[in-house]
Structures are given as structure tokens and as C-alpha cells.
Amino acid sequence: MTDRKTLCETFLSATPFAGWQRGPLAGDASNRRYERLTGDSGETVVLMDAPPEKGEDVRPFIRVAGYLRDHGLSAPEILAHDVEQGFLLLEDLGDDLYARVILREPALEKELYEAATGALVTLHQAPMPDLEPYGPRMMAEMSGLALSKYRAGILGSQDADLQARFEDMFEDILRETVKGDPVLVQRDYHAENLLWLPDREGVARVGLLDFQDARAGHPAYDLVSLLQDARRDVPAGIEMQMIDRYVVASGVDESGFRTAYTVLGVQRNLRILGVFARLSMDYGKPHYVDLIPRVWNHFIRGLEHPVLARVAALLHESLPAPTPENLDKLRP
């Protein structure tokens with residue numbers, strides 16, 4: 001079988017970017033790999049290498065990128081592609097990730113979050129594309145990763161009956177509280193996936209990177225991703241201001257939206273507890289364990305909402321706290 005290096009060189013040779021200097025770019029938690037290509041005049045593009053044999057598929061990225069761009073949002077333009085072999089050449093949106101910009105210029109933090117919230121308002125007013133739903137059953141099962149991976153990793157054994165009981169109970173809560181017309185949810189809308197593009201106007205100042213897993217879901221979901229960030233502490237004041245801003249700008253029912261926001265926060269943070277434990281134990285990426293205490297704090301705070309009372313006791317009893325000793329058990 002032809003190796004990825006040869007396939008990549010063959011792909012590039014058929015594009016205007018053949019011969020450009022290549023250098024690695026930081027990747028993500030997937031099997032995708034990225035490089036930056038630089039031309040003689042300093043212009044750059046980004047290469048995505050997404051091996052189909054490892055379960056990657058570039059078609060959703062192409063489709064969602066086109067949809068986002070059609071509605072005035074700054075997803076990268078697709079410059080060349082080989083769908084069968086899993087290669088894309090993308091517009092280079094730069095290196096100014098939100099997280100880096102805020103570290104460098106803390107005074108910009110509120111402006112950046114206002115822009116990101118505004119981009120969601122614009123996106124959620126657009127006609128819905130045809131996407132698979134991110135519905136209550138799937139969300140409940142994804143939350144169950146906190147039991148099958150995080151809990152089991154610490155305690156050393158799984159409890160399938162406990163997990164099934166939790167998922168059924170949580171599914172009922174999700175059905176009761178997460179309602180309304182769906183929107184496109186990107187599912188990883190946070191400061192390590194957003195780029196600041198101050199030379200553009202309005203919502204186009206927010207560069208979008210990680211959206212290939214988009215589904216049809218509740219409008220609060222990406223706002224939770226943004227404001228209950230697993231990788232950085234978002235000030236509580238900014239979280240509250242951005243929720244207020246979204247409610248006013250979108251005209252949603254405030255009470256129902258805030259309830260859904262809280263429930264989805266618990267759902268998402270439970271899933272992340274499981275995903276981070278799995279990335280460490282199964283894939284040898286222990287640095288994700290260091291992020292777990294922040295995720296736990298988001299989860300515990302949300303669990304105080306009365307609508308979650310049916311699962312709160314079960315989760316308090318079942319999930320061990322992320323003490324240093326427990327976290328060490330999740331490291332490979």
C-alpha cells in the first residue's frame with residue numbers, strides 16, 4: 001500500500017503549491033495532521049492530512065466550511081482537495097488563536113467573546129443544513145463516558161448497570177429541557193479553535209477551525225463550549241454577560257434557554273471527563289488529565305440546578321473527585 005508521504009507528494013504535485021516549503025503545525029485530538037506550506041513570496045496555505053484508513057473523512061469539513069462561508073463566517077476556503085485520499089489545502093487563517101491573543105492582550109478578552117457570541121447569533125439565524133441530529137439519546141450515551149472511562153479508570157472496573165440507569169435518567173431530563181428548533185452546532189467552539197481576524201468586519205473577525213463534526217442541536221450547545229472552556233478559565237462575569245448578550249440578540253425564551261444551557265453544560269462536561277480519561281489511558285496523551293479539574297468544576301456547578309436533581313445524587317455518589325491520587329490512576 002502506498003504510504004501517506006508518497007500520496008501527499010502526489011496530491012501536492014497537481015496543485016499550484018507544489019514545491020512550497022513545508023513545516024508542521026500543531027494538531028488536535030484526532031488522527032488528522034497539519035502542515036503549513038510557504039511560498040517564495042511568503043504567502044502560506046495549510047495542508048490537512050486526514051487518513052481514511054484511520055476513520056477520517058474530509059467531506060464533512062468541505063461541506064460545513066462551504067455552508068459557514070456562504071453565511072458570512074470565516075471558515076477557511078478550500079483551495080484543493082483529494083477526497084478519496086484525505087487531503088485538503090486550506091486558506092491559512094493565521095496563528096492568532098483566541099487563547100494566545102488573550103494571553104498577549106488581556107484587555108481584548110471581552111471583545112473577543114462578544115465577537116464569538118455574535119458569530120453564533122448569526123449562524124443560528126441561518127437556514128438549517130441537512131445534518132444528523134445531536135439528540136437526547138446520543139447526548140446521554142456520550143455523557144456515559146464519564147462512567148465507562150473516567151470512573152472506571154480510577155476505580156479499575158466498570159458498572160454497566162449503573163451506566164445504563166444513568167443514561168436512561170439523563171435522557172429523560174434532556175428530552176424535557178433541551179427543546180426547540182435545531183441549529184448547526186460545531187461542538188468544539190472554544191478558545192483553542194477560534195482565531196482572531198481583526199482586519200475583517202463583524203462576525204467575520206472570528207476564524208473557525210474545528211467544525212467537521214457539526215450536527216443539528218440546541219443553540220445553547222456551542223455557547224456552553226465557548227464559555228465553559230475545558231482549557232482556560234473564562235471569567236464568570238464574561239460568561240453571564242455573553243449569555244445575556246445571546247438571549248437579547250437572538251430573541252430566544254430566556255428561561256428555557258438558561259435551563260438548557262445548564263443541562264447541556266453538565267452533559268458536555270461529563271462527556272469531556274470521559275474523553276480526556278480515554279485520551280490519556282488509551283492513546284497515551286496524559287496532558288489531557290491536567291485539564292480534568294477545571295471540567296469537574298464546571299460539571300459540579302451545573303449539577304446544582306433543580307432540574308438535574310434526579311441524577312445529581314447518583315452522580316455525586318458514583319463519580320470520584322479528581323484528587324491528585326485519582327488523577328494519577330488515569331495516566332498511562
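In which sense, right-handed or left-handed, does α8 pass α10? In this predicted model, the crossing of α8 over α10 is right-handed. The axes of α8 (residues 220-227) and α10 come within 9 Å. They cross at roughly 60°. On the α8 side, the contact is made by A220, Y221, L223, V224, S225 and L227. On the α10 side, F257, A260, Y261, L264, G265, Q267, R268 and R271 take part.

Helix α6 (residues 145-155) also packs against α10. Here the axes come within 7 Å and cross at roughly 50°. The two helices are therefore oblique to each other. The crossing of α6 past α10 is left-handed. From α6, the residues involved are L145, A146, K149, Y150 and G153. They meet L270, R271, L273, G274, V275, A277, R278, M281 and D282 of α10.

Helix α10 spans residues 254-283 and includes L279. L279 has a relative accessibility of 8% and therefore counts as buried. Its C-alpha atom is separated from that of R36 by 26 Å.

Nonpolar side chains tend to be buried together in soluble globular proteins. The largest nonpolar core of the model has 96 residues. F170, L270 and F276 have the most contacts inside it. Helix α10 supplies the largest share of this core, twelve residues. Beyond its neighbours within four places in sequence, F276 is in contact with A230, R231, Y288, L291, I292 and V295. A second core, of twelve residues, is separate. Its members include F11, A80, F87 and L89.

An open sheet is formed by five strands in the order β1-β2-β3-β5-β4. The pairing is antiparallel. Strands β1 (21-25) and β4 (78-82) stand at the edges. Each has a single partner strand, so one side of each is left without a neighbour in the sheet. From one strand to the next, the twist averages 25°. Helix α1 (residues 4-13) packs on the sheet and touches β1, β2, β3, β4 and β5 (87-91). The direction of α1 makes about 50° with that of β5.

Within the sheet, β2 (residues 33-38) and β3 (residues 44-49) pair over six antiparallel bridges. R33 stands opposite D49 of β3. The antiparallel pairing of β4 with β5 runs over four bridges. There, A80 has L89 in β5 as its bridge partner. A80 and L89 are also among the residues of the second core. Strands β4 and β5 form a hairpin with four residues between them. In the turn, G86 has a positive phi of about 85°.

Most residues other than glycine have a negative phi. R187 is not a glycine, yet its phi is positive, at about 80°. R187 is found in the loop between β6 (183-185) and β7 (194-196). The relative accessible area of R187 is 12%. The limit for a buried residue is 20%, so R187 is buried.

Notes
Residues are numbered from 1 along each chain as its sequence is written. This is a predicted model: local features need pLDDT of at least 70, side-chain atom pairs count only at pLDDT 80 or more; totals for chains, interfaces and linings use all residues. Side-chain values use heavy atoms; hydrogens and water are left out. Buried means under 20% relative accessible area, exposed over 50%, partly exposed in between (1.4 Å probe, protein chains only). A nonpolar core is a set of buried Ala, Val, Leu, Ile, Met, Phe, Trp, Tyr and Cys residues joined through side-chain atoms within 4.5 Å. Contact means heavy atoms within 4.5 Å. Two strands pair if DSSP finds at least two bridges between them. Axes are lines fitted to C-alpha atoms, for helices over the stretch in contact, and angles run from 0 to 180 degrees between N-to-C directions. A crossing is left-handed if the near helix is turned anticlockwise from the far one by less than a right angle, and right-handed if clockwise. Angles under 35 degrees count as roughly parallel, over 145 as roughly antiparallel, 65 to 115 as roughly perpendicular and the rest as oblique.
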